[in-house]
Amino acid sequence: MTPWERFVDAFFNREVIVQYLPAIGKGVVVTIELAVLVVISGIALGFLLVVLRAYRVAPVNAVIVVFVDVFRALPPLVLILLLYFGLPNIDVTLSGFAVVWLTLTLVLGAFAEEIFWAGVLSVEKGQWQAARSTGLGFGQTLFYVILPQAVRMTVPPLTNRTIAITKNTALGTVVGVGEILNQATTAQSFSGNASPLTVAAIAFLLIFVPVVYAGRWIETRFAWRKG
Amino acid sequence: MQALIDQFFNVQIMADAWPTVWRGLMMTVLLCIAVIPLGLLGGLLVAMANTAPWRWLRWTVVVYVDIFRAIPPLVLLIFIYAGLPFAGIRLSPFAAVSIAFLLNNSAYYGEIYRAGIESIGKGQMEAARSTGLSGLQAMTYVILPQAVRNVLPDLLSNTIEVVKLTSLASVVALPELLYSADMARSITYNASPIVMAALIYLAILWPVVRFLSRLERRMGA
């Protein structure tokens, strides 16, 4: 074989690809399921936390700030290993899927809260005063006046962060979640051929390039005001 | 409660694991010293290529950035570490991690520098050029120093992400902080070494996260 044929055989072997495509297809479904769940629960958690924080109850806010800092500072893989291997010792057993979902929800929730809060702070104080003086209550002002503006402003940074965190679903392979990377590395070791890894890389590109483009479009559409 | 303390905060086990975990920490520090400057430099090249007068180069860079923003770093790392040997290229874990991170981080840092360069008015470049500076000189001495200052919080934020990302090296058996802690965990059947690793990451990164929050607020997002 010429070096070129060897290269094609190692990375684009048609037989191997055909054989393992169904398994990697299953992985695609798992990756997308996990990603969608993480986005929904993570952003919901961030939103919930920012609403709590807006009430400015000192002890509650202190807890939220510590929570956000901790999950901004810890590598997600550390949390995944800690929950997956640590919890069974105290008789709590979570599946790999649940552990990755929980971890990434907490991480995205922390980042989303931080980003939403920056948005809330960037709405001028006068808006609070004006809204309250028209007779709106605190909750009404928050939900009808402040948050709609704050959230809109934070769309671009939130999109970027969400994409970055969603890609971490690949970490699931470490705790046996049958997502794309996991299926591909299994197939690679069975077949003794690198083609499944090529397919995995292409699968991730097919899923995430459109997302990155959508993110870029959103970024220009909701241009973030910089001071 | 006692079980929780025994399994997660066992001081005896932490003390026994300390030498291993310490060596791991040193490897993490070494890894950071290698990959952070590489990424900062690679990103700078990406951003400068983005302003180049040749269309083919700008397009190449756009495709490069999109690809590496879309591929999870762990997929890239495993492709390089486990895939390239099939092409006869066998890399040490350290080399594989460095290359994967260079490719991935250059894309991210590059986007940040690009935003910084775009935040500087076109008039600055024109003024600099009209004083007789070459395009490269104007970029180096006039545009970049201002651009970098404008995006300092984003550069710092991405650097925090890079430090956290070094934990992925454990997957290719590079004995850094997380790998060492997980080794100790699998020997002792006790999660305390991982808790210790988590506390070390926190001790290093929490002050930086706090500083970043203040920096962001001061620079007025």
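In which helix of chain A does Leu52(A) lie?

Modeller: Leu52(A) is a residue of helix 2 of chain A. The model is a predicted one, and what follows should be read accordingly. With a relative accessibility of 41%, Leu52(A) is classed as partly exposed, because that class lies between the limits of 20% and 50%.

Leu52(A) belongs to a nonpolar surface patch of about 760 Å², together with Phe47(A), Leu48(A), Tyr55(A), Val57(A), Val60(A), Phe143(A) and Tyr144(A). Two helices of chain A, helix 2 (14-54) and helix 7 (138-153), each contribute at least two residues to the patch. Helix 2 of chain A provides the largest share, with three residues.

Tyr55(A), another member of the patch, leads on to the aromatic contacts. Over all chains, the aromatic pairs number 12. In one of them, the ring centres of Tyr55(A) and Phe138(A) are 4.8 Å apart and the planes stand at 50°, so the pair is tilted. This pair joins distant parts of the chain, since Tyr55(A) is in the loop between helix 2 and helix 3 (58-73) of chain A, whereas Phe138(A) is in helix 7 of chain A, 83 residues apart.

A second pair has another geometry. The rings of Phe204(A) and Phe208(A) have centres 6.2 Å apart and planes at 10°, so they are stacked. Both residues lie in helix 10 (residues 195-221) of chain A, four residues apart, or about one turn of the helix. In general, an α-helix has 3.6 residues a turn, so residues three or four places apart point the same way. Phe204(A) is buried, at 0% relative accessibility, and Phe208(A) is buried too, at 3%. Ring pairs also build a cluster that takes in both chains, with Trp4(A), Phe7(A), Phe11(A) and Phe12(A) linked to Phe79(B).

Charged contacts form another part of the picture, with 11 salt bridges over all chains. In chain A, Glu114(A) is bridged to Arg72(A), and their closest N and O atoms are 2.9 Å apart. That bridge links distant parts of the chain: Glu114(A) is in helix 5 (residues 96-122) of chain A and Arg72(A) is in helix 3 of chain A, 42 residues apart. Both Glu114(A) and Arg72(A) are buried.

In chain B, Arg69(B) forms a salt bridge with Glu111(B), with the closest N and O atoms 3.1 Å apart. Here too the pair links distant parts of the chain, Arg69(B) being in helix 3 (residues 55-70) of chain B and Glu111(B) in helix 5 of chain B, 42 residues apart. Arg69(B) is buried at 10% relative accessibility, and Glu111(B) is buried at 15%. These two residues also take part in a network of salt bridges with Arg216(A), Asp66(B), Arg114(B) and Glu118(B). A further bridge joins Arg185(B) to Asp182(B), the closest N and O atoms being 3.0 Å apart. Those two residues are about one helical turn apart, because they are three residues apart in helix 9 (residues 177-188) of chain B. Arg185(B) is buried, at 12% relative accessibility.

Helix 2 (residues 11-50) of chain B has a kink of about 50° at Trp18(B), shortly before the proline Pro19(B). At the start of helix 2 of chain B, a side-chain oxygen of Asn10(B) comes within 3.2 Å of the backbone nitrogen of Gln12(B). Ser106(B) is found in helix 5 (residues 93-118) of chain B and is buried, with a relative accessible area of 3%. A polar atom of the Ser106(B) side chain lies 2.5 Å from the backbone oxygen of Leu102(B).

Notes: Residues numbered from 1 in each chain as written. Chains lettered and ligands numbered in written order. Predicted model: local features only at pLDDT ≥ 70, side-chain atom pairs only at ≥ 80, totals over all residues. Heavy atoms only, no water. Patch = residues over 30% accessible without salt bridge, like charges linked within 9 Å, V, L, I, M, F, W, Y side chains within 5 Å. Areas by Shrake-Rupley, 256 points an atom, 1.4 Å probe, with all protein chains shown as cover. Salt bridge = Lys/Arg side-chain N within 4 Å of Asp/Glu carboxyl O. Buried < 20%, exposed > 50% of the residue type's maximum accessible area, 1.4 Å probe, protein only. Bend = angle between axes of the 7 residues up to and from the residue. Polar contact = N/O pair within 3.5 Å; in protein donor to acceptor, adjacent residues only side chain to side chain. Phe/Tyr/Trp six-rings, centres within 6.5 Å; stacked < 30°, edge-to-face > 60°.
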